[in-house]
Each structure stands twice: as C-alpha cells, then as structure tokens.
Amino acid sequence: MREVREDAQSITVGRHPSNDFSFPDDIGLSRQHLTIERQGDVWIVQDLASKNGTFLNGERLTNPRQVRAGDRVSASGVAIACSETEPALRTVVFEAPSPRIASTPQYSMSLKEALPEDATDAVSALIRAGKELALRRPLKELFEVILTQAMDAVRADRGVLLTLENGSLAEQASRGDSFRISTLVRDRVLEKRESLLIQNVLSERALQRRDSIVFGGVQSLMAVPLQTEERVIGLLYVDSVRLITPFTQESLSLLTVMANVVAIRLDQERLAVIAEKERFHSMELEQAAEIQRSHLPLGAPVIEGLDVAGHQSPSRTVGGDYYEFLTGTRLGLVVGDVAGKGLPASLLMMKLQAHVQALAELKLEPADFVGRLNRSIAATCPRNRFITFCLAELEPATRELRYCNAGHNPPLVVHRDGTVERLTEGGPVLGLLPGFRYGEGRVRLQPGDAVVMYSDGITEAENETGEEFGEEQLLRVLASVRDAESAEIIREISAEVREWTGGAPASDDRTLVVMKVLH
C-alpha cells in the first residue's frame, strides 16, 4: 500500500521508472499509463493513451474525469482508492433475534450503544483485534488470529470459526473439540442473521429436545454471523463450561461487533487473493500472447509480380487463428482456425504451426501436405477439438494456384473482370479422420486477380441485432477496393467489420490474408 501526500499536485502511474508510482513488473501497464492532477480544489484523472485502459469505478475512461472520495481508479493490477482525510463515521446496527429462545437477548443497537464509554475492556479488546487484523496474513493464519482474539475478548473456553464454502460450512479454525452445534442455532444465525446468546443451555426446552445441541458440560454459548453488507460468509461460535461466569449481553454485543469487523476483513483478504491470482493470470496470458505474436509472420514476403499482406486480431489476449507464408520455389499461403478460444486454442494453434513448418521442408503437393498434417494432428488432438485449415501454393512462373481446403471458409478468388471463385476442394477439418485422402484444386490467376483468405471471425461478426456480416458483404467490400493494395484491402475489410459490430469487442479471432497478382 502506498499513500499520496495531501500537498501533492499530481501523480503519474506506469511501468517506466520516471513515474511517481512505477510498477515495472506489471506488463498490463503502459510505460506512462495515467495521471491524476489537482486542478483547483478537485482531482482529475486522465488516461495517457494506454493500451489496456484506465477505469474509474469500473468504467473505462475516454476523457478526463473528476475523482471524489470513495472513487476507485484501476489500471491492470494497480488500484487507487480515493478517500477524505477524515472520513465520516458509520453506524453498525445489529438485528434482534427471534423470541423463540426465551433466554436469548434481543438487540437492535448502534456501535456506540454496543460499546459505551465505560466499557474499557471491550474497547481494549477491539483495539487489540483491530491491530491484529490490520496486518497482512495468509488466510489460514488470519482465521487462527480471529478466533483467538474473539475468545480472549469474551473469555470463552472453546470456539470454532466456520465459513460458507460452496453452500456448506467448513471449519477454518478451532480451539477445543467434539463440537455438536444445534441446527436451530446454525439456521438462526445464517438464515436470519441473528446473534444468539444462551446463558443456560440446560434451561432451554427447545434445545433440550435436539440431540445435536452442544452438551458435554457446556453451560453458556454464543453464535454470531460473519456478515458483510451484502452476505453472510460464515459463523463464529464460542461456549463456556463455567456456570458461575456465563456470557452476558455485553459479551454478545462485543462478539457481534468483532464478527462484523472480521467478516469485512476476511472478505477484503479473499478479494485481494483473487485479485492477485487474476493479476498473475493476466501477466501469464500477456506473456503467452507475446510468444504467440512472435510466431506469426513479422511481415509479408516480397516477391516480384505479387502483392501480399496478412493480419490477425485475437478476440482475447491469445487466440486460435493462424496464418503463415511459406516461401521457396513456390509461395504458400496458410490459414487455420482452431475450434474454441483462449489459451487451450492458442496452444493447439502453436502445435499446428510446428507441424506446418516441419512439413514445409518436404516440398509436398498441397493434398499430400494436408493429409500428413491431418494424421499428425489427429494423433494427439483432444476429442473436443478440431482445426479448419487451408493451404494454397502459387507457382510464380505459371501463376497456377494449387490448393487443399480442410473444412475452412472457402478462400475467394476475385478475378479482374469481377467474377468470383470459391476454393472448396479438399476434405474435412483436421483432427477427426486420420486416414482421409484429401483432394486438390487448381486455379489459373491473371494480372489483377486477388486471392482473399479469411477466418469465420470476419463473416460471423454480428451487429446489435444478431445479424452476421456474411460473405455477401465481404464480397461487396472487395468489389469496392479490389484495385487497392493488399494491405489497404485488409484495412478496409477490418474497418467495415468494426462498423458493422458497432465497435463491440470481437467474439472470435479475425484473420485475413490477401495476395494480388500485379503482372
């Protein structure tokens, strides 16, 4: 935790050491990510054209915004909480228990009423607990500290702290053994959020009829909910075997207050643990994305008489689309799409690339190439995965394009005269039928012709009404820009798709490869 001095005029946040708050290990931050500046009596937060954005109370910043007490500014793994110097006091109200258990006191009280000025022992107990809870500890250690502080505060002989995990109570810390807590007590505390005090267990007829009540010498018991503003996260139970010193109303008040503070602290710690895991997960994904990007072509090959370009845009940090240029005596254009999204798809994509590059050394014809690739992929491909794939090879001297399509969106050959051919010859997707014999197609290209290969993230992009962009719209765009350079064609198609979706985040990876015959 780092604090900003009250007399500061501005702060900057980013990866670079020149920032006021530098986080060099957080690769989700840009070098100069955001700034917060004092303008008169207000503070203004501004995103510095960062890659991953700055958020104010969960909303991405597009313009400078004023920050107020209670606001939260976040960027990647960094969170900035804005607070006043003297925050307003809040009152904690405790719900009264049901009258069904006669000896259980019923309360509705403020925090001040629970802790009167002369309650020095209670105040001291809360101060000690506050100091202990302020320290950062692993959750397991925190549970033990909480139970010890609570039992010491009310002078209990035994105690157990239980938390709700997937709908069931799980023991996190205990002092003593053989706890048999009545379901009546449990349900009152968890479902009605009541704090219960039973000063004399043996006098309670409702509990005497229940075999699950705590006996074995127990004289007095208390059970209180661990609750935040939104939910109950567990239960704190303590008991005493000393008849001459039973728990009192003040004991229940103190334990209820402590349980409320404890619940908030536990919730904060759990959220911190989750946030830390998410931060490391994001960092790992970004590192995986960098590795994946390094395996994609750095640029298109330069070949006399041809204009070639390619582009991929993953829908997540990492993606399952793949494209490649194979150079040699012939130019090979490769496009693949792994079923699924995210990290599993990206790992299978990189495996596909390794097989493609190994087979490229053998100088095989397209059908033989895809057949061998299919057998390799099928040998280790998970049952719920498959890959669409297309390989097209151009003989520069003759301008003959030979191809094999394994279940991929048919590439489009847009001829100079405006006619269109779809490259459909080949066979099924990779990974399902290891013994399948693939077919091969051939097309003779002329100057002015263009070959457009794409993934289904282009044609299946949906607008706000759920209507897909579709192949017909793709052909319309191609007809309007077919005289442009390959890179410009890709930019125009991408822009049209973004406009179609209203700029919404892509639901699938988008890949485009374009080759034009110049002469």
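Q: Why is Glu440 called partly exposed rather than buried or exposed?
A: In this predicted model, Glu440 has a relative accessibility of 25%. Buried would need a value under 20% and exposed one over 50%, so at 25% Glu440 counts as partly exposed.

Q: And what makes Arg402 buried?
A: Its relative accessibility is 16%. The limit for buried is under 20%, so Arg402 counts as buried.

Q: How do you know that Arg402 and Glu440 form a salt bridge?
A: Look at the closest N and O atoms of the pair, which are 2.9 Å apart. A salt bridge asks for a side-chain nitrogen of Lys or Arg within 4 Å of a carboxyl oxygen of Asp or Glu, so Arg402 and Glu440 qualify.

Q: Why can one say that Arg402 and Glu440 tie parts of the chain together?
A: Arg402 sits in strand β19 (residues 400-406), while Glu440 is in the loop between β22 (426-427) and β23 (441-444). Those parts are 38 residues apart in sequence, so the pair ties them together.

Q: What makes Glu471 and Arg422 a salt bridge, and what are the two ends like?
A: Their side chains meet at 2.5 Å, N to O, and the cut-off is within 4 Å. So the pair passes. Glu471 has a relative accessible area of 21% and is partly exposed, and Arg422, at 37%, is partly exposed too.

Q: Where in the chain do Glu471 and Arg422 sit, and how does the tie between them follow?
A: Glu471 belongs to helix α10 and Arg422 to strand β21 (residues 420-422). These parts are 49 residues apart in sequence, so the pair ties them together.

Q: What makes Arg186 and Asp187 count as a salt bridge?
A: It's that cut-off again: N to O is 2.9 Å for this pair, and within 4 Å is what it takes. Arg186 is partly exposed at 33%, and Asp187 is partly exposed at 27%. By this rule the salt bridges come to 13.

Q: What makes a group of residues a nonpolar core, and which residues have the most contacts inside the largest one?
A: The members have to be buried nonpolar residues joined through side-chain atoms within 4.5 Å. The largest such core has 45 residues, and those with the most contacts inside it are Leu352, Phe369, Leu373, Phe389, Leu430, Leu445 and Met515. Apart from it lies another core, of 27 residues, among them Ala150, Leu161, Leu226 and Ile233. In soluble globular proteins, nonpolar side chains tend to be buried together.

Q: What makes Glu462 part of a patch of negative charge?
A: Glu460, Glu462, Glu467 and Glu468 gather in that patch on the surface, and Glu counts as negative. Glu462 itself is partly exposed at 44%, against a requirement of over 30%. Its place is in the loop between α9 (456-459) and α10 (470-481).

Q: How do you know that Lys363 is exposed?
A: Its relative accessible area is 56% and exposed means over 50%, so Lys363 is exposed. Lys363 lies in the loop between α7 (342-360) and α8 (366-380).

Key: Residues are numbered from 1 along each chain as its sequence is written. This is a predicted model: local features need pLDDT of at least 70, side-chain atom pairs count only at pLDDT 80 or more; totals for chains, interfaces and linings use all residues. Side-chain values use heavy atoms; hydrogens and water are left out. Patches are made of residues with over 30% relative accessible area and no salt bridge: like charges are joined within 9 Å, nonpolar side chains (Val, Leu, Ile, Met, Phe, Trp, Tyr) within 5 Å. Accessible areas come from the Shrake-Rupley method with a 1.4 Å probe; for residues, only the protein chains shown count as cover. The place of a charge is taken as NZ of Lys, CZ of Arg, CG of Asp or CD of Glu. Helices (H or I, at least four residues) and strands (E, at least two) are DSSP runs, numbered from the N terminus. Buried means under 20% relative accessible area, exposed over 50%, partly exposed in between (1.4 Å probe, protein chains only).
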